[in-house]
Amino acid sequence: MNRAMDAVFGGWDIGGIYTAQTGQFLTALYTGPDTTGTVYTTSRTAPQVTRRPDQLRDPNLPADQQSVNRWFDAGAFGIPGPGRFGSASKGNLKGPERILITEKLKLNTELTAVNALNHPNWSNPAVNISQTANVGVISGVGGVYDSTGARALRLGLRLQW
Amino acid sequence: MQYNFTVERQQWEHGFRATYLGTNTRQGVWGYNYNSPVPDSRPFIDKPRPFPNLPDVRYTTNGAGHQYNALTVEVTRHMHRGLFYQSSWTWARDIFDLASGGTPENPFDREREIGVAQSIPTMSFRSAGDASCFPA
């Protein structure tokens with residue numbers, strides 16, 4: 001590289017990282033009276049518990065039917081009958097996938113962009129079927145595999161001698 | 001316990017690596033209410049318990065566990081003039097019943113807790129590239 005080219009292009013470093021991951025395995029819950037009579041109480045009134053519900057059918061929706069307002073089919077779950085624990089297993093709901101692009105451009109200044117394309121990495125949906133107003137609803141971004149949310153830029157200056 | 005097996009090969013000016021990684025826990029610590037009545041439709045206060053004058057009695061024992069299996073394939077290339085890229089794809093699954101010290105919903109049925117771990121994605125793909133233009 002000649003001196004003129006070196007003056008313009010020398011010392012540059014550009015890098016990028018692309019990460020894509022499938023969604024987390026979530027567990028549906030309900031909140032209501034203890035249907036099994038196993039939670040300690042001195043009253044005839046059953047105490048409130050938060051547990052796994054009955055699963056009536058596959059709760060995962062096809063990708064073209066999923067939205068931030070209805071990520072899974074909350075109607076696929078029900079409150080267990082008297083004397084029983086719920087039939088739903090752990091991890092039977094598939095959460096939103098995550099895509100992340102990180103770019104770094106460095107000369108004596110360093111510019112780093114995380115989630116450079118500002119792709120929305122949805123948070124997991126609410127899974128408690130007793131909270132009917134927001135069950136299945138995604139109300140934010142980030143917090144699935146880490147706290148990554150909106151695009152973040154960082155500009156640094158480096159003096160080296 | 002952790003165990004892995006890796007095969008590496010240089011071919012077509014690329015570095016290839018395939019890795020199987022397994023981790024597991026056996027006889028992990030978990031706990032349950034020893035003083036729980038059996039689950040049925042009767043109210044709690046109508047059912048016999050081992051120690052009727054005591055509230056919950058937490059009993060801690062061994063037996064919980066998990067099994068993680070993962071396969072990662074990776075390709076890397078370093079070129080002259082500072083160009084570099086690396087891509088990897090991982091398929092993984094972690095099956096567990098209770099985390100350390102965990103408690104099952106049904107104190108008489110730990111196996112009911114067996115499920116897929118929330119935070120392990122089935123597939124993940126990662127690709128990184130870097131280009132440098134060094135001073136002459």
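# Close-up views of chains A and B

**View 1. Strand pairing across the two chains.** Strand S1 (residues 12-21) of chain A is joined to S6(B) by ten bridges, and the two run antiparallel. In this pairing A:Ile14 has B:Ala131 of S6(B) as its bridge partner. Strands (E, at least two residues) and helices (H or I, at least four) are DSSP runs numbered from the N terminus, and two strands pair if DSSP finds at least two bridges between them. The model is predicted, so local features need pLDDT of at least 70 and side-chain atom pairs count only at pLDDT 80 or more, while totals for chains, interfaces and linings use all residues. Residues are numbered from 1 along each chain as its sequence is written, chains are lettered from A and ligands numbered from 1 in the order in which they are written, and side-chain values use heavy atoms, with hydrogens and water left out.

**View 2. Extent of the interface between chain B and chain A.** Contact (heavy atoms within 4.5 Å) involves 45 residues of chain B and 40 residues of chain A. The area buried between the two chains is about 3400 Å², with 50% from carbon and sulfur atoms; buried area is the accessible area (1.4 Å probe) that two parts lose on being put together, summed over both. On the chain B side, the most area is lost to chain A by B:Glu105, B:Gln118 and B:Cys133, which together make up 18% of what that side buries.

View 3. The rule finds four salt bridges across the interface of chain B and chain A, a salt bridge being a side-chain nitrogen of Lys or Arg within 4 Å of a carboxyl oxygen of Asp or Glu. A salt bridge links the side chains of A:Arg44 and B:Asp46 (2.6 Å, N to O).

Strand S4 (84-96), strand S5 (115-116) and strand S6 (123-133) of chain B are the elements that give two or more residues to the side touching chain A. S6(B) gives the most, with eleven residues.

**View 4. Strand pairs within chain B.** Strand S3 (residues 58-78) of chain B pairs with S4(B) in the antiparallel sense over 13 bridges, and B:Arg77 has B:Tyr85 in S4(B) as its bridge partner. S3(B) and S4(B) form a hairpin with five residues between them, and B:Arg81 in the turn has a positive phi of about 65°. S4(B) is also joined to S6(B), antiparallel, by eight bridges, with B:Trp89 opposite B:Phe125 in S6(B). Two bridges pair S4(B) with S5(B) in the antiparallel sense, where B:Ile95 is partnered by B:Val116.

**View 5. A hairpin and a further strand in chain A.** Strand S8 (residues 98-106) and strand S9 (residues 109-114) of chain A pair in the antiparallel sense over five bridges. Two residues connect S8(A) to S9(A) in a hairpin, and A:Leu105 has A:Leu111 in S9(A) as its bridge partner. S9(A) pairs with strand S10 (residues 152-157) of chain A, again antiparallel, over six bridges. A:Val114 stands opposite A:Ala152 in S10(A).
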